[in-house]
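Please keep the sequence and the structure in view while reading.

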Amino acid sequence: MTTRSRLATLTALTAVSLAGAGFAQVTPERLVAAGSEEEAANWLMVHRTYDSNRFSPLNEINASNAADLSLAFAVPIGGLEPSGFGAGYMEATPLVDNGFMYVSDPWGSPYKIDVTSGTKGQILWVCDTGIEKDPTAGVLLANRGLALHGDNVITALNDGRVVACNNETGEVAWDVQAATEPGEGFTSAPLAVGDKILVGQSYGDWATRGWLAALDAATGEEVWRFFTVPEPGQPGSETWLCEESGNPDCWKTGGAALWVTGSYDPETNTTYWGTGNPVPMFDPEFRPGDNLYSNSTIALDADTGELKWHFQYTPGDYMDYDEVGIQLLMDVTVDGEERKVLSHFGRNGIFYTLDRNSGAYIQSAQYVTELNWTEGIDPKTGMPVEYDPSKSLQTYAAGVISRGSDPIDHCPHITGGVNYYPTAYNPETGIAYGAGQEGCSEIATQEMAAEDVMPGVIFLGGTYAGSSEQTGSITAMDVTTSEQVAKQNMPYPNHSGVLVTPEVVYSGSLDGTMGAYDATTLEPLWSVNVGTSFRAPPMTYAVDGKQYVAILGGPVGGNANGHEELESMQQSNMLWVFAVN
Amino acid sequence: MHVTRAAAAMLLPFMLAMPVTTVAQAADPVGDPARGKTVFRSVGDCMRCHGWAADGRSGVHLRAPPGSNLRETALDAEGLAEVIRCGLPGTPMPYHSRQAYDGDGCYGMSLDDFDADDKPKRGKTFGDDDIQNVVAYLQSEVIGLGKPTFEECTAFFENPAAAACNSLR
């Protein structure tokens, strides 16, 4: 055998031993059935199932033995290179299919990790997307996960590209520049639906315009696009009184970005996404009006992108109450009637339930401890009682900020409440869980002339600061009644979100504590501090019948929220996997 | 002297107008603008709030309180050095001298003179030489400039393709 042929043989053998251990095609049918018994060991999409319930039926780890959880293995992840805003955030949910795990780092690079041994995570490949890790880029680095479709692992990048990597080899299968305008890009996980990949333009605090696009899963070619800020003349454009502001182009930088992956109902072929705040967030006089479709749930036909309905939670917002967070789809009985509903833990501190086929408001309840921005929600319309549709500038109960006015204190904090931190729902008990921040903030307007607005650059229109101690909580809500059934308060804001299994709720903390909680009482069952900040949600999977819980940890970044002890935490991107041995 | 937030705000103009009497003057008062730019960019974390252009806007971190527009500052060299050294109590501007508030070199006050909530914040610290170097950089290359330009931006980052400059193309 010549040296060259020996090398070829060795290379082939190595490739087989590392990457060739196999993967199953992730067909559209498997994705629809992601919640079935056949897929119980897996986690095939970012929110596990199209209903975004983040519920796993795995119950080997339960309330009786969760106290025995311990570390199974850990894997360092890369992507620590900073942007102009420092090191990025680990916010992705690991996906698992048949013993292979898929995670992304803050630059969106996909990793395939063999977790079949249960004792070690072996990285098989890191897909080289060609992302330029420019240390001057004015982007807040974060990536919230990947999508599996067919033979591909798909990532959406902060530079506006969507890249498909071959599952077997990690080589790029296709690479498209989906977002082309200044400042546009992606941080949320793509959603694979049928033969399409849905991606939401994510940079909403920058001077950009939000949109959701469907790409052909085979080629990346764009099939349809829905803009979340209508252009003049389109339905909804009457809610952008740009002429009144003396800035006729204010809609072009109106925000309403989609930076958390939406849900999908196969029965009606409808996809549901939450939208971000209007931009600039603190200067409503720059963009008078209700600002549709900011701070809304939008329901779109998945084939055409046609808008079926919308529900706007905080019209004419000036408190940064994005409603990008999870859209929980559930079938429940409300007032004796079987209803197909959509529930959403609002960043504005209110837990809403809507009819998901019509968008009609059903009920709501406050879930944060302190809330002063509204006196309440109109039981007929679901709108804040202060909302006056005849006004171009709203005044909510905590007061209004305007050019030249004093700052106001409002609760919850601009961060929420529940923000992008994933929520969960246990269909067996009818209980929904939300984890988030408890506290208030002080906000003020800073006027910026229209000619000074630079497309694609951060555009807040004001300032903010925490105005109280910032803590956290997990709240359990009965979806049928909208009653709070349990609450666990925590010393730090919770930016991790929750995973729910039949008996246990899991969540991480900014201080590096990973915990398990009783799903009924939310009393702590177990915790360990591993020292990496948790801004990513936990997930669970099984290999050979054994259950594991996984979570990504990374930098705390600018999220110490006044807790000085968090500011000294150092940066390290890690995958942590726990099990009961 | 015990200083509340409101009182600190009232003191601010007075502080800025105070003569600098106790600056450590051992260092050469004429700084090096090139080194000052390096400190501004890579040591002092100044860009987080003031932005690369030092205008309080361009490249300011999403999570940072926007800093003042140094292109339009009325402070002279002594005033700039004092604010860099001591920060501005009652505002997010932190102090950058390791010796700040040790003696009476910062507004004649010590950290104990402030309410807990209003204590001057500690920023990235550096030596008196580098404080003078930052002042030299601001005076020779920043103060008096108008709106930032693409050329200025790429020169600042020493990279003609710096992503931070794309919006100025």
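The points below are grouped by topic. The model is predicted: local features need pLDDT of at least 70, side-chain atom pairs count only at pLDDT 80 or more, and totals for chains, interfaces and linings use all residues. Residues are numbered from 1 along each chain as its sequence is written, and chains are lettered from A and ligands numbered from 1 in the order in which they are written.

**Helix H4 of chain B**
- Helices are DSSP runs of H or I with at least four residues, strands are E runs of at least two, and both are numbered from the N terminus.
- A residue is buried if 20 or more other C-beta atoms, placed from the backbone, lie within 10 Å of its own.
- Among the buried residues of H4(B) are B:Leu80, B:Val83, B:Ile84 and B:Cys86.
- The buried residues of H4(B) pack against strand S1 (95-97) and helix H5 (128-141) of chain B.
- B:Gly87 follows H4(B) and has a positive phi, near 75°.

**Helices H2 and H5 of chain B**
- The axes of H2(B), residues 33-43, and H5(B) come within 7 Å and cross at roughly 105°.
- H2(B) and H5(B) are therefore roughly perpendicular (65 to 115 degrees).
- Residues in this contact include B:Phe40 of H2(B) and B:Tyr137 of H5(B) (contact: C-beta atoms, placed from the backbone, within 7 Å).

**Chains A and B**
- Chain B gives 14 residues to the contact and chain A gives 16 residues.

Methods. Buried ≥ 20, exposed ≤ 12 C-beta atoms within 10 Å, placed from the backbone. Contact = placed C-beta atoms within 7 Å. Axes fitted to C-alpha atoms, helices over the stretch in contact; angles between N-to-C directions. Parallel < 35°, antiparallel > 145°, perpendicular 65-115°, else oblique.
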